[in-house]
Structure formats: structure tokens, C-alpha cells
Amino acid sequence: MSASATRAGRRMKSEEAAESDAGSGEGELQAPSATRYSPEEEAALLSDSHAEKAAANELFKSAEYSQAISTYDRALAFVPNYLEYEIAVLKANIAACHLKLSDWKAAIDEATKSLEALDRLEAPPSSTTATTTDGAKTKDDPRTSDVANNDDNGCIELADDEEDEGQALEKIARDDRRKDDIRRIRAKALMRRARARSEQGGWANLQGALEDYQTLSSLPSSSSLLPPSDAKIVDAALRTLPPRINAAKEREMAEMMGKLKELGNGILKPFGLSTDSFKFEKDEKTGGYSMGMNN
């Protein structure tokens, strides 16, 4: 067995043991604690993961998407479960593979896992503009938007010592680069999930796609997070999705009413009645229905 395979196996066993220990308390469930590795062990695991990721990237370029998924999964096996960013990147790449294979549900699942990992690193952005199902746009309360976007506007106090000040500035620069990386991967994962939801179809998926595109449309136009080609896709989706959502909603509601009618007829048949014996009238103000007997 190779050294890298041994490291991957040791990582999974140690984390499984940590989860087992976390759940062994009496009377209450506890969240599993992440196993922390020494800097040397972590670097070795990430080196193995990056090697597998590079191989997976080449498979993707060669349109060998199924093999790429398996190789990205091997890359994930090396990543400690507390390194959320590395997990998010690999999950987003796996989502891209599923999109190429037209496996929309798997693409949705993997992109969602990527976004969940990023959410644990940085709170997701709040959309300042929303599109309703009739195509109208609304804006959030600016007071809540200001609060949500205020993280990057605070003052950072630096140490008086020049060496400490230099280290502090370097740390700020590193943190800013990491924030940019997180937001870049978030934009990619959102685009991939939005497309998969749109292709999968159905009321819930189309509504979810609209929400993803709304989040993407709220990104600053001056940022490089959304390439011009993707920005055009987002704008087009915000126009075309609302009527698709309404059509899917009406279709699914009609199907549900048909099933309810079929169920009702089965219950009423022994009494010589059917759902045709009743009339349903819709209240246009509330959208509810009232029921009465047909004369």
C-alpha cells in the first residue's frame, strides 16, 4: 500500500473514531469534533489531495467525466474534515462533472454541499434585489442590507511595533485573498446549482434556481466573480424563470387536485356520492376554496 493511501486510510479512521467518541455521551447527542492534524501531517494530506485533484482536472479536460468524479472523490478522501474551503472546491468540481453528464440531481446535491461548506467559513451574501414570480423586482430593507454588508467596512487596529505591524498587514492581505477565493467558489457553485435546478425542472427546483440567480445578480458588477457570459445567463434566467415557475405551479396544483379528487371519490363511493356532488369556489382575494353541495 502506498504512503498516500495509508495517510488517507488513517485520516478516515481517526475521524470516524472522533465521531464515535462524540456520540458516546449518555443522555444527549453531541456534534462530532474534527480531528486536528499536525502542520506536517496536514501538509502531506493536502499534497496527496492536490495530486489527485490535478489528475481529475486533466480527466475533466479530456471529457472523461465519470473518471474525474472518482478521482475528485479520492482527492476528498485526503482532506481533513475541518478544511471547509478545500472540500468546497472539490465538491464544486464534482458538481461540474455531473452537469456535463446531465445528472441534474447529483449536480444539485454536490453544489449544495459546496455552498454549505463555504457558509461555515463565511456567511452567505443577502440578495438586495428579488424577482417575484410575475417578474417584478423588489428590494430588501436597506437597513438590513447595510448590516449584512458591513463586515468589510470596519477599522482594523494595527500594533505599534513595526515587525508586528508588518505581520498584521500580511495577515489582513491573506484574509482578503481567502475571502476573494471563497466568494469566487461560491459564485461558481451557485451558477452550477442554478443551472441544474433549472434543467431538473419542477416548481420547487425552478423556484430554487430563481433564488440562486437572484443571489448571483446581487454580486457587485465591478467584481470579477461573475464573468460577462455568466452575467448574461443570470439576466436571461431572471426574465424567463418567473413564467416557468407559474406554469409549473399551476401544473403541480392541478395534478394534486386530481389525486385528491380520485381519493375523495374512493371515500364517497359507498355513500352513492362523488366529488362531482360538490362544488368548489375559489376566493380570489385569499386564494382559498369553499365547498358546497351541487343542487
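Visitor: Let's begin with the overall layout. Which pattern does the protein chain follow, read along the sequence?
Guide: Happy to start there, and please keep in mind that the model is predicted. The protein chain has nine helices and four strands. Taken in sequence order, these elements give the pattern α-α-α-α-α-β-β-α-α-α-α-β-β.

Visitor: What percentage of the residues in the protein chain is buried?
Guide: Here a residue counts as buried if its relative accessible area is under 20%. The protein chain has 295 residues, and the buried share of them is 32%.

Visitor: Among contacts between residues at least 6 apart in sequence, what share joins residues at least 24 apart?
Guide: A contact here means heavy atoms within 4.5 Å. Of the contacts in the protein chain between residues at least 6 apart, those that join residues at least 24 apart make up 58%.

Visitor: Now for some helix packing. Are H2 and H4 roughly parallel or roughly antiparallel to each other?
Guide: Helix H2 covers residues 39–61 and helix H4 covers residues 84–100; their axes are 12 Å apart and the packing angle is about 20°. Angles under 35 degrees count as roughly parallel. Therefore H2 and H4 are roughly parallel.

Visitor: How many residues of each class are in the contact of H2 with H4?
Guide: The crossing of H2 and H4 is left-handed. On the H2 side the contact is made by Leu46, Ser49, Lys53, Asn57 and Phe60, and on the H4 side by Glu86, Val89, Leu90, Asn93, Ala96, Cys97 and Lys100. Sorted by class, that gives six nonpolar, three polar and three charged residues.

Visitor: And how is H4 oriented relative to H5, roughly parallel or roughly antiparallel?
Guide: The axes of H4 and H5 come within 8 Å and cross at roughly 165°. Since angles over 145 degrees belong to that class, H4 is roughly antiparallel to H5.

Visitor: How many nonpolar residues does the contact of H4 with H5 have?
Guide: H4 passes H5 in a left-handed crossing. Residues making the contact include Tyr85, Ala88, Ile94 and Leu99 of H4, together with Trp104, Ala107, Ala111 and Leu118 of H5. By class, two residues in this contact are polar and four are charged, while the nonpolar ones number 12.

Visitor: Leaving aside neighbours within four places in sequence, which residues is Leu219 in contact with?
Guide: With sequence neighbours within four places set aside, the contacts of Leu219 are Ala187, Leu225 and Leu226.

Visitor: How far apart in space are Glu250 and Trp203, C-alpha to C-alpha?
Guide: Glu250 is in helix H9, and at 59% relative accessibility Glu250 counts as exposed. In sequence, Glu250 and Trp203 are 47 residues apart, while in space their C-alpha atoms are separated by 9.0 Å.

Visitor: Last one, on the backbone. What is phi of Ala63 near?
Guide: Ala63 lies in the loop between H2 and helix H3 (65–78). Ala63 is partly exposed, with a relative accessible area of 43%. Its phi is positive although the residue is not glycine, with a value near 65°.

How values were computed:
Residues are numbered from 1 along each chain as its sequence is written. This is a predicted model: local features need pLDDT of at least 70, side-chain atom pairs count only at pLDDT 80 or more; totals for chains, interfaces and linings use all residues. Side-chain values use heavy atoms; hydrogens and water are left out. Axes are lines fitted to C-alpha atoms, for helices over the stretch in contact, and angles run from 0 to 180 degrees between N-to-C directions. Helices (H or I, at least four residues) and strands (E, at least two) are DSSP runs, numbered from the N terminus. Angles under 35 degrees count as roughly parallel, over 145 as roughly antiparallel, 65 to 115 as roughly perpendicular and the rest as oblique. A crossing is left-handed if the near helix is turned anticlockwise from the far one by less than a right angle, and right-handed if clockwise. Ala, Val, Leu, Ile, Met, Phe, Trp, Tyr, Cys and Pro count as nonpolar, Asp, Glu, Lys and Arg as charged, and the others, Gly among them, as polar. Buried means under 20% relative accessible area, exposed over 50%, partly exposed in between (1.4 Å probe, protein chains only).
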